[in-house]
Amino acid sequence: MDGAAYAVVVDSSIGRGRITGVDTSTATAQPGVLAVLSHRNAPRLPYQDNPGSNNPPGRRLRVFQDDRVLFFGQPVAVAVATTLEAAQHAASLVQVFYDAEQPTTDLTSAPADKPETYARGDADTALGTAQVRLDMTYRLARNHHNPMEPHATIARWDGGKLTVWDKTQWVTNGTQVELAAVFGISQSSVRVISPFVGGGFGSGLRCWPHTVVAALAARETGRPVKLVLSRRQLYFGTGYRPVYEYKVRMGSDRRGRLTAMTHDIKAETSSYETFTEGVLAPGQMLYSMPNVRQAYATVPLDVNTPIWMRGPGFATASYVIESAMDELAHELGIDPIELRLRNEPAEDPSSGLPFSTRRLRECYQVGAREFGWHRRNPKPRSTRDGDWLIGTGMAAAVYDTGGFPAQAHVRLDADGTALVQSATSDMGPGTYTSMPQVAADALGLTMTTVDFRLGDSIMPRTGPHGGSTTMASVGTAILDASDQVRRRAITLAVNDPRSPLHRVDPDDVIVRKGRLQVKNDPARGETYQQLLTRNQRSHLEAIGDYAGANHDRFSMSAYGAVFTEVAVDARLGLVRIRRMLAVYDAGKIVNPKLADSQAIGGMVGGIGQALLEHTVTDPRDGRIVNANLADYLVPVNADIRDLRAIYLNGNDPEANPLGVKGLGEIVLVGIAPAIANAVFHATGRRVRDFPITADALL
């Protein structure tokens, strides 16, 4: 962009305290430096409420508005210059002085907030009389999203109107409305453009402080400003999957029928916002049992606020529940699949509602057959391959099927092509491909004649691009708009005396490759182009709507069964994934190739969660010590071998008109516990602190 300046954030070097001074004299004297902003000279911003956003309850971070430091890495200043190098150099010269306090960053050393609770029956009494009882505590490390593409923003003001190019998973309420609230301007005065997101995994589901900083710097310098977070800054400048301590007690009879389970959960959040996620749901409905008690408490710490990460809540809960089920199976001497089958509910135990579809039994059956589960020796540490201990494990997976209100615009032009628009995003699931499929199918066009555009707040509004909801929400809105346009074209044709379709019953007209024709007489018909040109119509158009998911009549979720084989070096404790198979009940699969891409990505993420990913915080000052991709380990090609997914042929018409149940989240849920259970089977050692690292197996 012509005339763009570059901004580099200066972040705090303490974890808690107050700023006592900011010396910018050396920085501002450097060539090319336009401004250095901090709370000392930045204007006051309104920071109005934004109830329609993804902001958690609390008081969101207000950049450069006071001298308080709430966490290590908090933005405390920004250097703006004509070149990136000049901005980086200026940022390094800014001196910030603090009155530091000791931060609290450990989940176990701070009081928890009042918990969210759930109960049915009397779980504590039932546990006291259970024939078999297990009492376990699991600890899960903090995980960061780490998309390859960093978070970046370009901001430009034209008078009182702001245009922002941003990496975001919610163009409208997430970024557009938030910026309007922060700057106290009308929503129509903010335009957000995000045609390409790069990787997200949930990290773009809210507007982060750096986006506000870019817009503020642009307004104060009178120039477009580009701001890109460094890899290190991503660990402080965006959210993460929080640390959990999860205590579970479970009781059963000796045949494996579950009688009771309690869940006592603690999770970290920031001191200024209370972040929660759907960690309670799986424990309420995955298995049939009469007695359940849950308590989910957040612990405010001197850290930045967490955010949803792929499989939010469900991935954490399934890690614990599915590991616990494996422990119970071992205790009882029952096959892990058989134990789950004995506790399969006929209806949702938490609501009493029937399932729209729940084909988990079929997932187990198909998965066991394809994986070769029957060849498994159930005795732990019984199979070797040279120095390697071989183990197999499995786990169930579940994720809520949802949908947000959405709109889409479809325009059929006189040349026989279609334009489809919606303010959604594409961070990799294939929105750019799958949405034209829906439109082409409904309009009777080929894919090459459909132009799909997204990622602009001036387009029809949608919900967030996350939670496995985009196809259900935006896809349904596109289906609705496309159906309207097709029906209008058919109505125009059957009422046109010059049309070959004149007076044909509209229900007998179909469209194939842009040609309207009689269902049983395909020779009788005409193209969209002929119809619209003759009627002097430049186009036909419609706005499609989706009201959101309705959970009043049915319990709706996607399900899966994950199987994995691991090898553990008996001397070194190294864990290697040999093969993995997952079978999913995910409703209609719109694009199998994109589904496989999602499944493989989810499996890779689950491998990272189980074996590698662990954000380490220095308790002395709250600094993240492994804030880079050399020390924060993620799976690489050499870690990945035989990954395979199978999708049950299905359709869930109760979920939405497309019959989809969502895939992007479910494919990570269940991966980590399947690996943990396979590691136990290989070694005979149960590890309850995740990730499972080599030192735990030596």
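What volume does the second largest pocket have? About 490 Å³. Before I go on, this is a predicted model, where local features need pLDDT of at least 70, side-chain atom pairs count only at pLDDT 80 or more, and totals for chains, interfaces and linings use all residues. Residues are numbered from 1 along each chain as its sequence is written, and side-chain values use heavy atoms, with hydrogens and water left out.

Okay, empty space. Rolling a probe the size of a water molecule over the atoms shows where empty space is left. Here that's done on a 1 Å grid over the protein atoms alone: a cavity is a set of points where a 1.4 Å probe fits but cannot get out, while a pocket is an open set with protein on both sides within 12 Å along at least five of seven lines. Lining residues have an atom within 4 Å of a point. Points are joined across faces, edges and corners, and a volume is the space filled by probe spheres set on them.

Back to that pocket, then. It has 24 lining residues, and Asp106, Ala141, Val243, His614 and Thr615 lie nearest its centre. The elements giving two or more residues to this lining are β8 (132-140), β13 (244-252) and β28 (689-690). Those labels are DSSP runs numbered from the N terminus, with helices being H or I of at least four residues and strands being E of at least two. By class, the pocket lining has 11 nonpolar, six polar and seven charged residues. Nonpolar here is Ala, Val, Leu, Ile, Met, Phe, Trp, Tyr, Cys and Pro, charged is Asp, Glu, Lys and Arg, and the others, Gly among them, are polar.

Of the 21 residues lining the largest cavity, Leu61, Arg206, Cys207, Trp208 and Pro209 lie nearest its centre. Helices α4 (171-183), α5 (209-221) and α6 (231-237) each give two or more residues to that lining. Its classes come out as 12 nonpolar, five polar and four charged.

On to rings. A pair of aromatic rings is described by the distance of the centres and the angle of the planes. Rings of Phe, Tyr and Trp (its six-membered ring) pair if their centres lie within 6.5 Å; planes under 30 degrees apart are stacked, over 60 edge-to-face, and the rest tilted. That gives 15 aromatic pairs. Take Phe275 and Trp308: their centres are 5.4 Å apart and their planes at 65 degrees, so they're edge-to-face. Phe275 sits in the loop between β14 (258-270) and α7 (281-285), and Trp308 in the loop between β15 (291-301) and α8 (314-332), 33 residues apart. Is Phe275 buried or exposed? Buried, with a relative accessible area of 2%, whereas Trp308, at 23%, is partly exposed. The cut-offs are under 20% relative accessible area for buried, over 50% for exposed, and partly exposed in between (1.4 Å probe, protein chains only).

Last stop, strand β25 (residues 557-569), which is where Ala561 lies. Ala561 is buried because its relative accessibility is 0%. Its C-alpha is 5.9 Å from that of Ala395, 166 residues apart along the chain. Beyond neighbours within four places in sequence, Ala561 is in contact (heavy atoms within 4.5 Å) with Cys363, Tyr364, Ala395, Leu581, Ala582 and Val583.
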